[in-house]
Number of protein chains: 2
Amino acid sequence: MASLRGTQQPELSKKLFKIIKSENHAIGAYEAAARERVGIAQQLSEWGEATEDETISEISDKLGVLLAEIAEQEDIYAQALEEYRGVLKQIRNTESSVQPSRDHKTKVSDEIAKLKYKEPQSTKIVQLEQELVRAEAQSLVAEAQLSNITRQKFKEAYDHHFAATIERAEKQIILAKHARRLLNLVDDTPIVPGDVHPPFAEVEAARQVLTDAEDDLRHYQLDVEPIHSNAGNLGVGAMPGAPVPGVGAGETSGAPVPESTTYESTVRNESPVGVQYDKAGSAPYPLEEADRVERQQQEVPRQEVSNVA
Amino acid sequence: MASLRGTQQPELSKKLFKIIKSENHAIGAYEAAARERVGIAQQLSEWGEATEDETISEISDKLGVLLAEIAEQEDIYAQALEEYRGVLKQIRNTESSVQPSRDHKTKVSDEIAKLKYKEPQSTKIVQLEQELVRAEAQSLVAEAQLSNITRQKFKEAYDHHFAATIERAEKQIILAKHARRLLNLVDDTPIVPGDVHPPFAEVEAARQVLTDAEDDLRHYQLDVEPIHSNAGNLGVGAMPGAPVPGVGAGETSGAPVPESTTYESTVRNESPVGVQYDKAGSAPYPLEEADRVERQQQEVPRQEVSNVA
């Protein structure tokens, strides 16, 4: 690492920052595995051809097709994890944006305490106490926003994550089971020297296995217990919004949910207690900087994995 | 790479050598993914605790347990692939050991042709023609051994491979489905500033999810269509052996099968046509050298992956 600058995350978002970084490595590993596997599928087909054994040649070629599809599912899984990672980032961004309002409240409190000790008669104390009331109101909003966003996006993120796990698994089971059918078309009855194996009689059966696998994949549908959300009427500003007409609790997951990262620009008008963010709290720059630095750092290990491959 | 010495594989085993090498990279990638995931599970639990949101803290901790178990399955999968890779090596070793007998036959043929052109009256021709007959007999044995071993071990290798794919998938589905139950215990109804979420009332339900997941994993059994083998009576020397009494074709997969790598030391007595391997054909050194070089080369990228992690 050439520089530590920009790597300091607000205390509040440090832990999630680390998780998001680790997930980037995990995703890179799955992408590397998928790439290797696509290559191996091709190599297996070529090896089979080179054996000059008709049975091995036919079956290894068809196995290669299924292995390549299993590898493709590994890659699709990696892309789905990238989406889940994006949702985690929405929580992290909210955490980062809440830090300044916590800091501001603490700072004003400290100033008042200091002033009361040093210049107990200062008229500035009254002014600061008014500011503290505003800071506390702002902080209450920020903490409620953080709590609302965290719960909603936490469910959304791991909904993605586990749905992707199940989809990869179910599709790979389909493919692996058909692949096992192919193996049973290989007659491994041993021969004596000078003898040859009978000609491969299962060309049609082998082709049918691939057709069946394609059909099964085409008709595949992910069927999991849905994750229920009551956050569907989460309004702008990440606060409870107006109830959506005709939509009850637990049934709102289809309702449009505003992106958590957009609330910062609208909170000024919508915040129920009417406070305004100070500039440090609403400025988007610290978040973008964190994202940029993270991308720079993480592209390096991702490439290293691909060099190894 | 510091040296090219020792990397030359016999032509016959080059393709499989490459597959075995690629699988080593793929296995390394899965191991890296598993390591990352174990770390993420721990980090998620710590993040949840730091949110000071009782619900998120409880659920993220339990999710961490399931995520760590999913990671563990990824690692078990990598170990199973290592076994499959070991079976591929048995084919590759046989390929390597057959190469010298092919080469020897070609060499004797070439010498005869050269001698017939240069010194057609040479008495050495008769001697060489006798040697060619022996070389051809030896080659017939070697090719039959190669064919027998290839078919048997090909089925065995991919039986392992796809069984491992299915087992990882089925266990991860169990874990991911229980994980989704945990998510539904998080109430994401938004709160207004100053309000707090009600206390987490689902501690017992969350604990039950983990218990159920453990039970399901403990009772899990892999249930796949078996791969049938007729190679069960493959005798020493990788030739058809004596039929096992009372065991019919297709039912012999339970019979003891000699390791293909052991046949070289016993072929002298058992080979049905009574030929003997020449030293180049039966010497174990070229194989061991290839294995050693491969290990050296492959440990490097495996470590690089772990550095990235």
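Reply:

**Where the two chains meet**

Helix 3 of chain A, residues 124–183, packs against helix 1 of chain B, residues 14–50, at an angle of about 160°, with the axes 14 Å apart; axes here are lines fitted to C-alpha atoms over the stretch in contact, and angles run from 0 to 180 degrees between N-to-C directions. Helix 3 of chain A is therefore roughly antiparallel to helix 1 of chain B, a term for angles over 145 degrees. Helices are DSSP runs of H or I with at least four residues, numbered from the N terminus. This is a predicted model, in which local features need pLDDT of at least 70 and side-chain atom pairs count only at pLDDT 80 or more, while totals for chains, interfaces and linings use all residues. Residues are numbered from 1 along each chain as its sequence is written, chains are lettered from A and ligands numbered from 1 in the order in which they are written, and side-chain values use heavy atoms, with hydrogens and water left out.

At this meeting place, T150(A), F154(A), Y158(A) and H161(A) of helix 3 of chain A are in contact with R37(B), L44(B) and W47(B) of helix 1 of chain B, contact meaning heavy atoms within 4.5 Å. Sorted by class, this contact of the two helices has four nonpolar, two polar and one charged residues; Ala, Val, Leu, Ile, Met, Phe, Trp, Tyr, Cys and Pro count as nonpolar, Asp, Glu, Lys and Arg as charged, and the others, Gly among them, as polar.

Helix 1 of chain B also packs against helix 2 of chain B, residues 54–118, at an angle of about 170° and with the axes 8 Å apart, which means that these two helices are roughly antiparallel.

F154(A) and Y158(A) are also among the residues with the most contacts inside the largest nonpolar core, which has 98 residues. Such a core is a set of buried Ala, Val, Leu, Ile, Met, Phe, Trp, Tyr and Cys residues joined through side-chain atoms within 4.5 Å, where buried means under 20% relative accessible area with a 1.4 Å probe, protein chains only. Helix 3 of chain A and helix 1 of chain B are among the helices that each supply at least two residues of this core. In chain B, F154(B) is in contact with residues including L44(A), W47(A) and L63(A), leaving aside its neighbours within four places in sequence.

Notes: Angles under 35 degrees count as roughly parallel, over 145 as roughly antiparallel, 65 to 115 as roughly perpendicular and the rest as oblique. Buried means under 20% relative accessible area, exposed over 50%, partly exposed in between (1.4 Å probe, protein chains only).
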